[in-house]
Structure formats: structure tokens, C-alpha cells
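I opened a new notebook page for this chain. Here is what I looked up, in the order I went through it.

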Amino acid sequence: MAYHADASGLEDREILTWERFGSASRELSQAVVDSGFEPQIVIAVARGGLTLAGAMTYALGVKLSDAINVEFYTDVNETLADPVLLAPMLDTESVAGQRILVVDDVADSGRTLGLVLKLLRGFGAEVRSAVLYSKPRSVVAPDFAWKGTDRWIVFPWSAEAPVKKGQ
């Protein structure tokens with residue numbers, strides 16, 4: 001099972017708690033509303049963006065949501081050579097011409113976010129992006145970011161190993 005490996009050995013890390021996540025998701029949603037952008041669909045970049053996208057759909061009052069599966073990180077500070085789209089694939093025909101908010105946990109290198117934005121814009125969608133964290137080295141500047149950091153981030157949903165039978 002894939003998960004973010006134990007980052008307790010890293011001294012320089014940003015730790016997001018569930019409580020701070022609640023505030024962060026509301027603040028990020030408020031920034032979207034204040035900008036005047038009114039998404040019709042929220043699309044999560046799975047898996048990291050799933051929890052945030054769910055929270056933002058409620059905060060924004062958007063009922064339509066979906067996810068696009070992309071694999072890039074394989075361990076702490078380890079990635080594949082390039083981000084890869086995974087099945088099941090997003091129903092791209094239904095997004096044509098729509099206003100879409102793409103949501104992910106972090107724009108680290110920005111390559112995953114860049115891939116998703118290019119794909120959706122290629123189908124004629126008006127697309128904006130929102131992330132909890134944006135890193136200075138990202139090749140894509142998200143439209144909305146709750147916080148900037150250059151540290152490794154420990155998210156509450158991936159801070160622990162997957163549960164096992166009998167634990």
C-alpha cells in the first residue's frame with residue numbers, strides 16, 4: 001500500500017493538524033469566493049487533494065465533484081521521473097466548457113498540477129487551481145494557495161501508515 005513514508009526523521013518539516021486543516025480549507029475557499037471565480041465543478045488531484053476538495057465543495061456550495069488520479073511521489077522526497085495519469089480516468093467530455101477548480105494538497109515541483117491543468121484546458125474548460133501549500137520551486141503558480149513553504153509537509157491524512165487487520 002502506498003502512503004507518505006514516515007517523515008519523523010526530517011528536522012525541517014511543516015506539520016498540518018486536522019484542526020488547522022479545517023481553518024485552512026475555509027480560508028482557501030474564502031479566497032476563491034473573494035476572487036469572483038465561481039467553479040461549477042471541483043476536481044481533486046487524487047489522492048492528496050481528495051480531503052481538501054471535499055471540504056471545499058461544501059464551503060463553496062459546489063455539488064459537482066470528481067477526481068483525477070495522478071502518481072508522482074513514491075516516498076519522502078522521492079518521485080517518479082514524470083507524473084503519470086492512472087485509471088480510472090476522469091470523464092473529460094463532461095468538463096468541456098465548464099468552470100473548474102482543481103484542488104491538490106501541495107504544488108511542490110508543480111509538475112502534477114501542470115499536467116492536470118493542461119489536460120483540462122485542452123478540453124476547453126476554464127480552470128483555476130487551489131492548494132494548501134505552494135513551494136517556491138513549483139513550475140506552476142497555483143491561483144490560490146493557503147500557505148507557502150519550502151519544507152516537507154506532513155499532512156494529517158498521510159502521517160501514519162495504513163491500518164492493518166487486528167490493530
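This is a predicted model: local features need pLDDT of at least 70, side-chain atom pairs count only at pLDDT 80 or more; totals for chains, interfaces and linings use all residues.

**Entry 1: the whole chain.** I looked up burial to begin with: 42% of the 167 residues count as buried, where buried means under 20% relative accessible area, exposed means over 50% and partly exposed lies in between (1.4 Å probe, protein chains only). Residues are numbered from 1 along each chain as its sequence is written, and side-chain values use heavy atoms, with hydrogens and water left out.

I then checked the surface, which comes to about 9,100 Å², with 50% of it belonging to carbon and sulfur atoms. That area is from the Shrake-Rupley method with a 1.4 Å probe, and for residues only the protein chains shown count as cover.

**Entry 2: the elements.** I found three helices and eight strands. Helices here are DSSP runs of H or I with at least four residues, strands are runs of E with at least two, and numbering starts at the N terminus. Reading along the sequence, I get β-α-β-α-β-β-β-α-β-β-β.

**Entry 3: the cores.** Which residues touch the most other members of the largest nonpolar core? They are M56, L101 and L132, in a core of 24 residues. A nonpolar core is a set of buried Ala, Val, Leu, Ile, Met, Phe, Trp, Tyr and Cys residues joined through side-chain atoms within 4.5 Å. Two or more residues each come from α1 (18-35), β2 (41-46), α2 (50-60), β5 (99-107) and β6 (126-134). I also noted a second, separate core of 18 residues, with I41, L90, V95 and L120 among them.

Next I followed L101: beyond four places in sequence, its contacts (heavy atoms within 4.5 Å) include V32, F37, M56, L60 and F144.

**Entry 4: two helices.** How do α1 and α2 meet? Their axes come within 9 Å and cross at roughly 55°. On the α1 side, W18, F21 and V32 are among the residues making the contact, and on the α2 side, L52, M56 and L60 are among them.

**Entry 5: R151.** I ended in the loop between β7 (144-148) and β8 (152-154), where R151 is found. R151 is partly exposed, at 27% relative accessible area. Leaving aside neighbours within four places in sequence, R151 is in contact with D12, R13, E14 and K135. I15 is 136 residues from R151 in sequence, yet their C-alpha atoms are 9.6 Å apart in space.

Definitions and conventions
Axes are lines fitted to C-alpha atoms, for helices over the stretch in contact, and angles run from 0 to 180 degrees between N-to-C directions.
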